[in-house]
Amino acid sequence: MEELKKWIQKAGPFRIAAVVLCGIFLVLLSCGNPFFDGKTAEQEKEAEETLKQTETADSLEQYKKKLEQELSELLQKVEGVGKAQVMLTLKASNEKVTLKDNSSKGADSEEETVLIEDSERNSSPYVIQEKEPEIEGVVIVCEGGEDAVTKREITGAVSALFQIESHKIKIMKSKEAKE
């Protein structure tokens, strides 16, 4: 016990505290400390971007399913259509329109995107409008799909709703339709 006291006095309390703190730090580091998980800032940004892409894909799928369901329900109310199933294809994802700041000096003009900062000092573009994805094509399978008049009515309705050309709308008779 005497030797330990002499050793502590010789080393000094500051050095001993530093050694103890280094030991604690190494133990925490090896045990998977929640404050330090070993990820770099780049890895965290990649993970965040992947999460955003997944959320975007999910929201696009929900948007598409909602439109398909609404169109199906609408068409089933039309005389001669009967039971209908709808499938849509989208051209692209949501488009975000950002605010631009125009400045001109003589003959030169510059256009810069306006950025906003959050509480953590992260900057992002100022979005003034979000455009829904465009419908590229529509396929409808319904009981009245063989009748020319019904096809024309469905084509006109879909063209009016989604502003797409009639050649991008396909209407077919379902197998379950009564002969």
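I began with pairing: two strands pair if DSSP finds at least two bridges between them. The model I have open is predicted.

**Strands E8 and E9**
I looked up Val141 and found Met172 in E9 as its bridge partner. Strand E8, residues 135-142, runs parallel to E9, and 5 bridges join the two. I then traced the chain from E8 through H4 to E9, and this β-α-β crossover is right-handed.

**Gln163**
Next I stopped at the loop between helix H4 (148-162) and strand E9 (169-173), where Gln163 is found. Phi of Gln163 is near 50°, a positive value in a residue other than glycine. Is Gln163 buried or exposed? I noted 63% relative accessibility, so Gln163 counts as exposed, the cut-off for that being over 50%.

Then I turned to helix H1, residues 2-11, which holds Leu4. Leu4 has a relative accessible area of 46%, so I wrote it down as partly exposed. Together with Met1, Trp7 and Ile8, Leu4 makes a nonpolar surface patch of about 490 Å².

**The whole protein**
I have 4 helices and 9 strands on my list, and along the sequence they follow the pattern α-α-α-β-β-β-β-β-β-β-β-α-β. How many of the 179 residues count as buried? I put down 18%. The protein exposes about 14500 Å², with carbon and sulfur atoms supplying 54% of that area. For contacts between residues at least 6 apart in sequence, I noted that 62% join residues at least 24 apart.

How values were computed. Residues numbered from 1 in each chain as written. Predicted model: local features only at pLDDT ≥ 70, side-chain atom pairs only at ≥ 80, totals over all residues. Heavy atoms only, no water. Buried < 20%, exposed > 50% of the residue type's maximum accessible area, 1.4 Å probe, protein only. Right-handed = clockwise from strand over helix to strand, strands pointing away. Patch = residues over 30% accessible without salt bridge, like charges linked within 9 Å, V, L, I, M, F, W, Y side chains within 5 Å. Areas by Shrake-Rupley, 256 points an atom, 1.4 Å probe, with all protein chains shown as cover. Salt bridge = Lys/Arg side-chain N within 4 Å of Asp/Glu carboxyl O. Contact = heavy atoms within 4.5 Å.
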